[in-house]
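Welcome, and thanks for opening the viewer. Let's take a walk through this structure together, one selection at a time.

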Amino acid sequence: MTEIDTNMQFDVYTPDTDISDVTEFYVNIIIAALEMVGFNCSRIDDLRKKSENKNKGILVIDATKSIKARRYGYKYILYWVQGIMPEESFMRNSSKLRSYVLSIIERTALNSADFHFFVSEQMRQHYLDKYGFDSDKYYIMPCFNDDIDNIDRDSTKFRENIFLYAGRIGTWAHFDETAKLYKKIEENNKNTRFLILTSDRDKAEKVMAKYNIKNYEIDFVQQEHLKDRIKHCKFGFCLREKNEVNYVATPTKFSTYVSNGIIPIYSSITKSFADYARDNKYCICVDEEDHLERILGLCNESIPENKIAESFIETFGRYYSAEYHKKEISKILENIIR
């Protein structure tokens, strides 16, 4: 692997067609860290073979672009690995051939880059186990789009026991299991409401009818209006099926819940979050035997919002802090330079 140069310019390849708000948030943290070290960063919307690439670095967010950047002569490649492609593809398509081809691409992309951003330690370990990939030039930062530093401290927040589900309705999201759990909660406490924010209204309605859920509301809001829509929610569901994809993942939904002072109800398969949340009173794992008892107990407890805010800041103060990650990434890059 090549060494990073103090005079290096960095291209940032994030074409508009590929980048979401979540990705933009993540990429901006990396750009800020590069600039803290003293690098100049420029956004580009295409990759071309250019003679000056040999003196430049680049940040890419896609496996094929990592390979292409190496082929196009970039001296130093930063690669944010967003997910485990072959396993995700197999879940969608059940094609072993496609998964095999993607594994070749994935392994080549990892070996093409000089520095890697992984979303969890479990992801790094996955690549070590699968490919024997063991680079020491990496940084682990979860996917998140809400900063813990902006947590909601509104002491009038919890007017009622509102349970939130936000996102698409799919088997991977375990919405059926979520509805079954909410049904148990509703049967034991009539002072509850299920708020479902999704574009899949028809699918959500069918599941509500399937489990005969009484007190619910289905709506959809754009990302920029989400914070205001969920500000009075007390609990947030993020259940996941047990598989390798979810094991290495860090769903942004968790940062949305935590940074808005919402009590997350989660599955232990999301290992990175579970490791942080395990000892927090206001995080409830559904794989623990007493989870329903704990949820019902918190339903009946009057909780000052600032108490949850303080608890979440103590638990997730580094995990979901943009400033913390900027400083840590910049330290590592400075050490590589030296």
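Helices (H or I, at least four residues) and strands (E, at least two) are DSSP runs, numbered from the N terminus. Counted that way, the protein has 14 helices and twelve strands. What you see is a predicted model, in which local features need pLDDT of at least 70 and side-chain atom pairs count only at pLDDT 80 or more, while totals for chains, interfaces and linings use all residues. Residues are numbered from 1 along each chain as its sequence is written, and side-chain values use heavy atoms, leaving out hydrogens and water.

**The whole view**

Start with everything selected. The C-alpha atoms fill a box of roughly 70 × 45 × 35 Å along the principal axes. The radius of gyration, taken over C-alpha atoms, is compared with a globule rule of 2.2 Å times the number of residues to the power 0.38. For 338 residues a compact globule would have a value near 20 Å, and the protein's 21 Å agrees with that. Now colour by burial: buried means under 20% relative accessible area, exposed over 50%, and partly exposed in between (1.4 Å probe, protein chains only). Buried residues make up 54% of the 338.

**Stop one: strand 5**

Select residues 115–118, which form strand 5.

Strand 4 (residues 76–80) pairs with strand 5 in the parallel sense over three bridges, and Trp80 has Phe117 as its bridge partner. Strand 6 (residues 138–140) also runs parallel to strand 5, joined by three bridges; here His116 is partnered with Tyr138. Follow the chain from strand 5 through helix 5 (residues 121–131) to strand 6, and you trace a right-handed β-α-β crossover. Right-handed means that, with the strands pointing away from the viewer, the path from the first strand over the helix to the second runs clockwise.

Now look for an open sheet of six strands in the order 9-8-7-10-11-12, with parallel pairing. Its edges are strand 9 (216–219) and strand 12 (284–285), each pairing on one side only. Select strand 8 (residues 192–197): four bridges join it to strand 9, and Ile196 has Ile218 as its bridge partner. Helix 7 (residues 201–210) packs on the sheet, touching strand 8 and strand 9, and makes about 165° with the direction of strand 9. Contact means heavy atoms within 4.5 Å; axes are lines fitted to C-alpha atoms, for helices over the stretch in contact, with angles from 0 to 180 degrees between N-to-C directions.

**Stop three: helix 10**

Select residues 252–259. Helix 10 lies across strand 7 (161–166), strand 10 (235–238) and strand 11 (263–266), at about 170° to strand 10. Seven of its eight residues are buried, including Phe254, Tyr257 and Val258. After the helix comes Gly261, with a positive phi near 65°.

**Last stop: two loop residues**

Finish with Ser94, in the loop between helix 3 (85–93) and helix 4 (96–112). Its phi is near 55°, a positive value in a residue other than glycine. Is Ser94 buried or exposed? Ser94 counts as exposed because its relative accessibility is 54%. Asn212, in the loop between helix 7 and strand 9, has a positive phi near 55° and, at 42% relative accessibility, counts as partly exposed.

Methods
Two strands pair if DSSP finds at least two bridges between them.
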